[in-house]
Amino acid sequence: MSAKIATHKTAEDLIAAARAIAPEAVFSEPWEARAFAVAVALSETGQLQWAEFQQSLIDEIGAAEKTGRTTSGGADYYRHWLGALTRLLNAKGIVGGAELEARIADVGPPPPSQNPHGQDPHGRHK
Amino acid sequence: MSEGHEGHDHHDGHDHHNAPLSEPAQRVKALEQLLVEKGLVNPQALDELIDTYERRVGPRNGARVVARAWIDPEYRKRLLDNAARAIEELGFPPGPQGEHMMVLENTPRVHNLVVCTLCSCYPWSVLGLPPVWYKSTAYRASAVNDPRGLLKGFGVEVGDKEVRVWDSSSEMRYFVIPERPAGTESLSEDELADLVTRDSMIGTGLPKSPARHARESRAAR
């Protein structure tokens, strides 16, 4: 294990905290479900092999934990999932990194400075 | 948490943003759009997958497998021999994470505990998707470093039983058949399945006693 838990109590506290996040819910935000489904769908159609996705996910989580960044298992875990997926799709030439970044700029809301109305009054925090 | 997203969700790229999307939500949306345009994913297929794993596949499947194994020694034998096939017998296809599966029997002398130390491998076809804590660094590390302390944290007393920790991988998923609780001789298969909790099939819990189940059902009503 690359991740070291300093004391027994700390591990228990961290697990208790992780158990409190969402005792039953499978996804905490809709994007997690989409990211999950995209990976499974691509494996079902053979665009990627599940084992290679798994390896990409292991690399992603391992790299974070090696530098001491732990995951609570919630949204931060699905960030790793998404990172693993986009990295693999880029490596396989299915969706290039530049192509993805360009599209993100298209779908994203304009930054506040370019928005004449300032902050969206209905804006919610994540 | 964002809720109530249905009803004003668009897939056409002409959204009016009522709420700014979070950074990962933007990434996923962009990725999905590109894959749809390339003809590699179908948005309806994604909706169906989500519905399947949010609602249809879950620990109720595993509970049925355990209850059958408790009452039918022949089924138990088939389950130990070829878990994926015996699980499919009950109508639960293996799916992407269930092709290589092994069941672990708890006995009066052995308690089994399942973890995935490197990521989050989990027997989806019988348990659905893993709970948040299963994916946490803390659980994945302490299952290996201090399994007895971890079990205590989950309120599981194993006494002097041997604790065996099983590390799941893409080659093999594990799933625990807990010991059948005492005083359940007269229960039906359905009633037995009601006693089998998700955690009891991971090894971080035990099945409910009939008394506890009755208490909880009364409280839920």
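Predicted model: local features only at pLDDT ≥ 70, side-chain atom pairs only at ≥ 80, totals over all residues.
## Where the chains meet

Let us start with the interface. On one side, chain B brings 53 residues into contact, and on the other, chain A brings 59. Several helices of chain B supply two or more residues each to the side that touches chain A: α1 (23–37), α2 (43–56), α7 (132–135), α8 (137–145) and α9 (147–153). The top contributor is α1(B), which gives 12 residues to that side.

What classes of residue make up the side of chain B that touches chain A? There are 30 nonpolar residues, alongside 17 polar and six charged ones.

## The largest nonpolar core

Now for the core. The largest nonpolar core holds 85 residues, and the ones with the most contacts inside it are A:Ala35, A:Val38, A:Trp81, A:Leu85 and B:Val66. Helix α2 of chain A, spanning residues 30–44, gives the most to this core, with 10 residues. From chain B, both domain 1 (23–55) and domain 2 (58–220) are represented, each by at least three residues.

Which residues does A:Val38 contact, once its neighbours within four places in sequence are left aside? In chain A the partner is A:Leu85, and in chain B the partners are B:Leu31, B:Glu32, B:Leu35, B:Val41 and B:Leu46.

## The domains of chain B

How values were computed
Residues numbered from 1 in each chain as written. Chains lettered and ligands numbered in written order. Contact = placed C-beta atoms within 7 Å. Helix = DSSP H or I, 4+ residues; strand = E, 2+ residues; numbered from the N terminus. Nonpolar A, V, L, I, M, F, W, Y, C, P; charged D, E, K, R; others polar. Core = buried A, V, L, I, M, F, W, Y, C linked by C-beta atoms within 7 Å. Buried ≥ 20, exposed ≤ 12 C-beta atoms within 10 Å, placed from the backbone. Domains from an automatic or database assignment.
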